[in-house]
Amino acid sequence: MAQQADAARRRAQLADSIRLSGNDSFKNKDFETAQKYYSQAIKTIEECLKVLPGDPACTNTLTACLRNRALVAFKSGQFEQCEVDCCKALDVDPVDVKALARRGFARIEIGRLAEAQRDLEGALPRSSGSMAKEIASSLEYLSKLVAEVGPTLLTTSSSQTAAPPLPKAGPATPREPQGHNGVPLPSAVAAPERPPPLAASAPNVVRLSFTAPDGAETATSGSATPAYHPSVAQTLPAMSAHSSPGEPGASGATAVQEAKGAGSPVRRGGDPQGAEAKGKVVGTGGSGEAKRLREDGSAPRDVEHVASAMGALRLSQTFCAACNRTAQSKCKRCNFVVYCNKHCQASHWKFHKKFCLAGVEDPSPKMTPQTRRGFVGLVNLGNSCYMNSAIACLSHVYPITRHFLSGVFKEELNLDNPMGSGGRVATAYEDLLKQLWFGERNYTTGRDLKRAIDIQTDRFRGHAQHDAVEYTEFMLDMIHEDLNRVKKKEYVETPDAGDRPDAVVGEECWRLHRRRNDSVVTDHVTGIYKSTLRCHNCQAQSRKFEPFLQVNLELPVRTSRALFVLLVRYAAPGQIAPVPIRHAIEIRKTTPIGEVRHALAELSGVEPEDLVLWESYKHRPFQYFTGRQAAFKLAREDIIIASEVPESERSFSVTVVHRLGPHRRTVFRNDSDPFFGQPLVVPVDVDLTVRGLKELVLRQIDSWLPKETGTDPEALRDSFMEEILVGQVESRSLSPLPGSSPLALSHYRGVDEDTPLVRALVGDKPRPTVVFEWPEHLQKLLDVDGMKAVDEHPSCAELQHLDQPISLQECFDRFCAEEELGAGSEYYCGKCKEHVEGTKSMSLYRVPEVLIIQLKRFAHQMRFGIGLPEKLQDLVQFPLDGLDVSPYLIGETAGGSGGGGAGALPAPVYDLFGTINHYGHANFGHYTAFARSGEWSERDPATGCLPSGWLEYDDDLVQVVRSSNRVVCPAAYVLFYRRRDPPPAASSSL
């Protein structure tokens, strides 16, 4: 019994947390989700009360949930449900003043005025603050009804009679802005706005309207819409007053279209009482202009002219401002934007409201400085680049993004799914998508989404580095479970393939999978692959069809590759340095950097002791190599430089970097400074002055200097030396050198040119860093081609075959190739009844609309009996357009791919729309992303391809990619492909 009580208390705590989730949804105006949360909490707490009858904590939670659900019903216009919930709350707690007052408000709307007056009079003495003001306002309203109509009104108990507004003579007068339940708002506070109704896109939309005496617009004849109290009408949800395209209706926020013959409003289920429409009203698409129709029913000429102009404006906007589908219904108030339906309008209202109320064109359907349309970065929350890059690509999966931006996903929220997050992740993802596609700022934060995920799992909790692939798969899985249309999963047993054809078994497995998994992710991202095991003993085959969200492709392992090193020779006094020469050296996985130095010495004739190998990054030294470092870990795009530094007993080496002026003496971040050119490592004598260092460096970069006819090279160098400033870069991250840290926070200090260099340098560093600061006009004179001039050593051509990129086709071939399951990898054979060795092969059976491919770059290499992580830096050549996966697809699929013969469907051809990139090594690195920059990446009607423009997402920095060649790079880690739409001829044969 005690265990049951403890379990009930834990469930009561869970119910209270569900109630708090409902409160959050209520604050976000998501009344439907809030009502589901409250209902789930009520169901849970009622079960707890069966075990713990009379428990105060459970009773308080139940009362709060019932009271909150009643408030949601009231704001949704469900006044009968509100009364029922309030009655239940009063049964649990008879002294709950809030439930008593809300029941009174609901009864006013139902028409049970006498009971409403008793409830409000009973709640008023025990209430305070805003609640007391609301109750007093409602009682005052009832007293006015008694004074105007008579005391018999309060004795009426008919539930079919709504409270009529106070009758007034003459035309309607505008009402003062009202808050909740009729309390006047302060003059500085505007009444809450609602999205206007949708109107059809025809030039003339006829509306029949009757004006109530108090200025509140009521329903048309024959409508079942109740005439709400004006104070209550402003508390209804945004979409409750919307009219469907082509249907009559109007919003209380729009201008009233007057008609002759004022009368009382339409009552529930009846015609207008005491009112007769003496004329029809025509509105030009809701623009606020209304004209009386002529006697023959046609519109006057001026109305036709205005309507024609507004119709032309509507035709210019043919795509929904929320989901970008083709749409025909426009916003009735502003006439600038078009929506598919009321769900899209309600979803977009928060961002459209300020444009709509101001009467200016909403730029939402286009990417502008006001609406970024995906041109938005995500702030790094601390090693969250894995999340930012994954969200950047997932937000471009338009079938899912449209599902969220249109608001349709709310109808599919599965709050009871134990494998989901109770809708937290889906709701937080919706909020983030709206900031990315509708927001005005060029960056936002994913903190709410991260918090929702941290509540669900501890895998990504904190600020540690994580894998973007794991995060992408987790996000898709959470979206799938939160939006799973299967509310109760049944037990499904995997069928035995036997001797049945693949087409039969595959379709059966897909059908069984859909019985437990049915969501927008299943519709567009889930595929099926076939796995085949063959026993070496009995040759029996075992086939299995399983779903996948992404295809994991292993890279072909290469035991050797070419490392390119740029050799920079030293120019002695009186000599000019030759052009740098690029050498190619074959390296294996175990080749140390010391062997690279000796191999380069053999190719160039330079002594190995005089070569300093280091890496340049963003025109600055990144790291200096020692002899024992592994050369194979260097990425192909890394710039490796070998400097000839003939040192003696009276010399030491100095690293020189070049920066564009003007000279500054303040602390700065080097990342924002305009460095240019290649740094230099040069030997200097201890007696050399700063001016002598200038002369030495200018000899080394002679190819940079302008080649003017008739100009003495020595005089040209002297003129440059007079204007170049020299200083020292002090950095704690570079002390002592050689090190592996880049220039970080540094201090620049100018020095006197006649001072010996050894005295000008600060600190005792083995290789200090000196900065040459060039005035802007000098940099413009430099020979750009000379700065980039590099000669190729014959070894580059000889080892070119080692540097050939891997094709994506090779990765697919490796994926489908047979794999030997030898000792240690045995599987259980159902025919032999024992674990046996065999072979395993994989192939694709069904491919989805969105195909996600992971290039498996991370692996473990055994060294000294220890598995050490490593990253494969090989370049994989993948197509930007026209990826055909039909060679790796078996049989016909119901998803519209594969197969052959006369009735075969078109081959599945895919176009790339996003990539996740990883820069760095196995233990650390940084994630970025590329994505197509087209407006929703719509396809070219002529070619069927996606737009060619690309964007690069680097946390909160988003910039345009000038060349699509940058997308295919060795850092590519995850590829996002979208299938081309089948041609009309093929689609008709489905």
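How many helices and strands does the protein chain have? I looked this up first. The secondary structure comes to 27 helices and 40 strands. I note here that the model is predicted.

**Entry: the chain as a whole**

I checked burial next. Of the 990 residues in the protein chain, 51% are buried. The chain exposes about 45,700 Å². Carbon and sulfur atoms supply 51% of that area. I then took the contacts between residues at least 6 apart in sequence. Among these, 70% join residues at least 24 apart.

Ala503 and Tyr845 are 342 residues apart in sequence, yet their C-alpha atoms are 8.8 Å apart in space. Ala503 belongs to helix H17, residues 502-516.

**Entry: aromatic pairs**

I counted ring pairs with centres within 6.5 Å. The count comes to 20 aromatic pairs. I looked at Phe404 and Tyr429. Their ring centres are 5.2 Å apart and their planes stand at 90°, so I log the pair as edge-to-face. The cut-off for that label is over 60 degrees. Phe404 is in helix H13 (residues 398-405) and Tyr429 is in helix H14 (residues 424-437). The two residues are 25 apart, and the pair links distant parts of the chain. I checked burial for both. Phe404 has a relative accessible area of 0% and is buried. Tyr429 is at 1% and also counts as buried.

I moved on to Phe858 and Tyr973. This aromatic pair is edge-to-face too, with 5.4 Å centre to centre and 90° between the planes. Here the partners sit in strands: Phe858 in S30 (residues 858-863), Tyr973 in S40 (residues 972-979). They are 115 residues apart. Phe858 is partly exposed, at 28% relative accessible area. Tyr973 is buried, at 1%.

I also noted one aromatic cluster. Its members are Tyr386, Phe460, Tyr471 and Phe474.

The charged end of Arg978 sits over the ring of Phe913, 4.9 Å from the ring centre.

**Entry: cysteines**

How many disulfides does a search of the whole structure find? It finds zero. I looked at Cys58, which is in no disulfide. Its nearest cysteine sulfur belongs to Cys48 and is 5.3 Å away. Cys58 is buried, with a relative accessible area of 1%.

The cut-off is 2.5 Å. Cys82 is at 0% relative accessibility, so I list Cys82 as buried.

I traced a sheet of six strands. The sheet is open, its pairing is mixed, and its order is S15-S14-S16-S12-S13-S23. Which strands are at the edges? They are S15 (620-624) and S23 (791-792), and each pairs on one side only.

Strand S14 (residues 611-617) pairs with S15 in the antiparallel sense, over four bridges. One bridge I looked up by residue: Tyr617 has Arg620, in S15, as its partner. As background, strands of a sheet pair through backbone hydrogen bonds, either parallel or antiparallel.

Technical notes. Residues are numbered from 1 along each chain as its sequence is written. This is a predicted model: local features need pLDDT of at least 70, side-chain atom pairs count only at pLDDT 80 or more; totals for chains, interfaces and linings use all residues. Side-chain values use heavy atoms; hydrogens and water are left out. Rings of Phe, Tyr and Trp (its six-membered ring) pair if their centres lie within 6.5 Å; planes under 30 degrees apart count as stacked, over 60 as edge-to-face and the rest as tilted. Buried means under 20% relative accessible area, exposed over 50%, partly exposed in between (1.4 Å probe, protein chains only). A charge sits over a ring if NZ of Lys or CZ of Arg is within 6 Å of the ring centre and within 35 degrees of the ring normal. Contact means heavy atoms within 4.5 Å. Accessible areas come from the Shrake-Rupley method with a 1.4 Å probe; for residues, only the protein chains shown count as cover. Two strands pair if DSSP finds at least two bridges between them.
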